Amino acid sequence: MTRARAFAEPLVATAVALALAGALLALLGADPVAALRALAGGAFGDSLALETTAVRAGPLALLGLGVALSFRCGIWNIGGGGQLAAGALAATAFATKSASDWPGALALPLALLAGAAAGALWAALAAALRVYRNVSEVLSTILLNFVALELVAWAVQGPLQEASRSYPQSDALPAAARLALFPGAHIAHVGLLLAAALPFAVWALLFRTAAGLRLRAVGFNPDAARYAAVSPELETARVLVLSGALAGLAGAIEVCGVTGRLFADPAGGYGFTAIAVALLARLHPLGVLPASLVFAALAAGGGAMQRSAAVPSVVVQVIEALVILFSIGFALPRREGA
Amino acid sequence: MDAQTLQLAESTVRLATPLALAALGELVAERAGVLNIGIEGMMLAGALAAYEAGAATGSALVALAAALLAACALAALFALFALRRRADPIVTGTAVNILALGATGSMFRLLHPAQAMLSSAPQVGDVLPGLNAFTAAALLLAGSVALFLRRTRAGLSLRAVGERAEAADAQGLSVARIRWAATLFGGACAGVAGASLVLCLSDRFVEGMTNGKGFIALALVLFGAHRAARIVAGALLFGAASALQFTLQAAHVDVAYPLLLMVPYLLTLLVLALFAGRSRAPADLAKPFHGRD
């Protein structure tokens, strides 16, 4: 496949998905042109819109990176949303309950670390079920999403609820645990630098190290990998834990950089969107960056579309699903015959 | 039996019914070698279609037909990608789930801008005293699926396609046709399961109302070791767990509500951890067939 096609196909997939979603809107009696205009305005219209798109792209890049990594190795981690929630929960718990016991300079790094560790742990549950009990990670990661969602819902009306007990939300994170904004920015925070840098690190890991070669070998052919003294079980666990850590970090960045406190359902629709991001990126770690911007623009614009064109924002999910369907034909490696 | 126990038993059966319907359909699909994780989305599409058609016409039969149509359309989309184009079934099924979530949400919000004026869907009643029509259908389905798979020539062909597609093909069976039929059948069952949510368990549609029931049904197929009777038993176990959860909630037991809501998912994980490894899946499950189409 030529390099030109590698770039052209994702663009075509996105365009066709947008056109089909527009047709659906027209069928339901909405004005697709007005919707598209509102969507573009919400995503790129002014500096705040651009910052919103960038802020949404951060977690999508990290989650999409985790999905790309695991799908590439033939492991179906559908649990990015739950792992993100676990990370947001742990970062909030640390920042609001024990950050004051630590030197101020350590509060933020430890909160981010707590998030990554919790995401890794949440994914490790699925890894343990897969390795020791032969449970498909597809089902376990999806089910753990629901468990994480309820766990956060419980936390924000239980142990982590704000001191005033008015709303189901945590106290605001202390300033020491917050990510700073870029100079002059409204909402764009420096955590985005981390989201922009990690795809390069994962790319280097996958394509420039022996550990990365072992991971990719399991994706190509687990049996052949076993003959080469690579343990598919161990690599499966590693991939799940690493992609869980990325998702957990995304959750920590959300609470430390964007929301400033924990609310119910911190993942929103990010978990599923990340799958579309990874497939549009053709499972390439660096492709995740532009792909996350595409879906971040859709997410940022979707809200504006609902407000000004009265078109439900969930129509964005239709676009995501269509992008996935149009991408699978060329993004995933064809498996060997039965 | 005192009144409370009776009520618990009754809600157990009611809550088990959609799970059994969806899982029995998935059983047939998996026995033919098709792993369809899109049944969650097909249930959701069936639920919305049943609600819209039922609320508009007042006829439960029309509602059921609409649910079948919507779910089968999604099943055909799944088959088009997963079978015909040999795309990965996990990714295809996930896309179907996201599509159903987004499309049902968009349609519902556009069709009912003011949600306060929602009318209720017609309810399906009992065929025998205490036996709801959907429950009766699930029991009938369990019996006929078991008979079909074990005692008929067509069932043998379907199992052959799931166990060893190439050998079945060499025998002159059409692998593609049998897998398409099994996928559509599984989709239809998921559609009926979704319809039961609005025609029996509740009378409204709520966005995302399936809430993982399709995934629990997938787990039940594993728990039931790909056998109809054990799948029904598993569905009853889950129905009992959910019924107990509602009873505790109604009795104001001092447990936080979200922790109660977590129980069905934790139970599913536990059941998978205990039984999934022992279940022998059809040998050619989720493997693409590269012979003639």
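How many of the residues of H9(B) are buried?

1. Eleven of the eleven residues of H9(B) are buried, and the helix is thus mostly covered, a residue being buried if 20 or more other C-beta atoms, placed from the backbone, lie within 10 Å of its own. Helices here are DSSP runs of H or I with at least four residues, numbered from the N terminus. The buried residues of H9(B) pack against helix H6 (137-157) of chain A, and also against helix H1 (3-31), helix H2 (39-57), H8, helix H10 (228-250) and H11 of chain B. Just after H9(B), Ala225(B) takes a positive phi of about 50 degrees.

2. On provenance, this is a predicted model, in which local features need pLDDT of at least 70 and side-chain atom pairs count only at pLDDT 80 or more, while totals for chains, interfaces and linings use all residues. Residues are numbered from 1 along each chain as its sequence is written, with chains lettered from A and ligands numbered from 1 in the order in which they are written.

3. Between the chains, 44 residues of chain B are in contact with 39 residues of chain A, contact meaning that the C-beta atoms of two residues, placed from the backbone, lie within 7 Å. On the chain B side, helix H4 (89-111), helix H7 (165-170), helix H9 (213-223) and helix H11 (257-275) each supply at least two residues, and H4(B) gives the most, with 15 residues. By class, this side of chain B has 29 nonpolar, nine polar and six charged residues; Ala, Val, Leu, Ile, Met, Phe, Trp, Tyr, Cys and Pro count as nonpolar, Asp, Glu, Lys and Arg as charged, and the others, Gly among them, as polar.

4. Within chain B, the axes of helix H6 (residues 153-163) and helix H8 (residues 175-201) come within 10 Å and cross at roughly 105 degrees, the axes being lines fitted to C-alpha atoms over the stretch in contact and the angles running from 0 to 180 degrees between N-to-C directions. H6(B) and H8(B) are therefore roughly perpendicular to each other, a term that covers angles of 65 to 115 degrees. Ser157(B), Leu158(B) and Val161(B) of H6(B) make this contact with Val175(B), Ile178(B), Arg179(B) and Ala182(B) of H8(B).

5. The largest nonpolar core has 238 residues, of which Ala111(A) and Ala50(B) touch the most other members; such a core is a set of buried Ala, Val, Leu, Ile, Met, Phe, Trp, Tyr and Cys residues joined through C-beta atoms within 7 Å. Helix H3 (residues 60-84) of chain B gives the most to this core, with 17 residues.

Terms used
Angles under 35 degrees count as roughly parallel, over 145 as roughly antiparallel, 65 to 115 as roughly perpendicular and the rest as oblique. A residue is buried if 20 or more other C-beta atoms lie within 10 Å of its own, exposed if 12 or fewer, and partly exposed in between; C-beta atoms are placed from the backbone.
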